Amino acid sequence: MNITIFSIGKLKEKYLKQGIDEYLKRLTAYAKVEVIELPDEKAPETLSDVEMEQIKQKEGERILSKISDDTHVIALAIEGKMKSSEQLASDMDRLATYGKSKIAFIIGGSLGLSSDVMKRANDTLSFSKMTFPHQLMRLILLEQVYRAFRINRGEPYHK
């Protein structure tokens, strides 16, 4: 299975990089996993609704230009579907069983994802109704992907 995590914005925090690197290392036993950072649009503190949409659109175009037609896309969004770790594991197992070997998880920038990215998504995923920094979501997502592989293989993992 090939899993790509597309994320808008540069990761600067050393502690997050260390955690991400640890899960990427652990995941090598299960799948090819890659994190691709795409630049965010620079924006002033206060934006009009139109300016926000323009920024999301530009970031969305960057994301969509990197995704092939045969990729199963899962967009992370507050309004997405909430799932348990076991449900995510089951979904990933089902995708692998039915020949969907390319999966892309999309983490938007601070303004979220464009409507075009949401339309391209085959599925949506929400970790909470709360808002998390998109940099932190990389680490949380990688941990859950790792947990999903452990669950699917019947390997022990703390609950």
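Biologist: Let's start at the end of helix α5: which residue follows α5, and is its phi positive or negative?

Modeller: Gly154 follows α5, and its phi is positive, near 70°. Keep in mind that this is a predicted model, with residues numbered from 1 along each chain as its sequence is written. Local features need pLDDT of at least 70, side-chain atom pairs count only at pLDDT 80 or more, totals for chains, interfaces and linings use all residues, and side-chain values use heavy atoms, with hydrogens and water left out.

Biologist: What makes a stretch a helix or a strand here?

Modeller: Both are DSSP runs, numbered from the N terminus: a helix is H or I with at least four residues, and a strand is E with at least two. Helix α5 covers residues 134-152, which is 19 residues.

Biologist: How do you know what span to expect for α5?

Modeller: The expected span of a helix is 1.5 Å times one less than its number of residues. For α5 that gives 27 Å, and the helix reaches 27 Å from its first C-alpha to its last, close to what is expected.

Biologist: Why is α5 called largely enclosed?

Modeller: Buried means under 20% relative accessible area, exposed means over 50%, and partly exposed is in between (1.4 Å probe, protein chains only). In α5, 15 of the 19 residues are buried, so the rest of the structure largely encloses it. Take Gln144, which sits in α5: its relative accessibility is 14%, so it counts as buried.

Biologist: What does Gln144 touch, leaving aside neighbours within four places in sequence?

Modeller: Contact means heavy atoms within 4.5 Å. By that rule Gln144 is in contact with Ser85, Leu88 and Phe127.

Biologist: How many aromatic pairs does a search of the whole structure find?

Modeller: Three. In one of them, Tyr30 and Tyr146 have ring centres 6.0 Å apart and planes at 70°, so this pair is edge-to-face. Rings of Phe, Tyr and Trp (its six-membered ring) pair if their centres lie within 6.5 Å; planes under 30 degrees apart are stacked, over 60 edge-to-face and the rest tilted.

Biologist: What makes this pair tie parts of the chain together?

Modeller: Tyr30 lies in the loop between α1 (14-27) and β2 (32-38), and Tyr146 in helix α5, so the parts joined are 116 residues apart in sequence. Both tyrosines are on the buried side of the cut-off: Tyr30 has 12% and Tyr146 has 8%. Tyr23, Tyr30, Tyr146 and Phe149 form one aromatic cluster.

Biologist: Why does Leu24 count as partly exposed?

Modeller: Leu24, in helix α1, has a relative accessible area of 22%, which puts it in the partly exposed range. Beyond residues up to four places away in sequence, Leu24 touches Val33, Val35 and Leu142.

Biologist: And is His72 buried or exposed?

Modeller: His72, in strand β3 (residues 72-82), is buried at 13%. Leaving aside neighbours within four places in sequence, its contacts include Leu95, Ile103 and Asp123.

Biologist: Where is Gly112, then?

Modeller: Gly112 is in the loop between β4 (102-107) and α4 (115-120). At 27% relative accessibility, Gly112 counts as partly exposed. Gly112 touches Lys56 and Glu59, not counting residues up to four places away in sequence.
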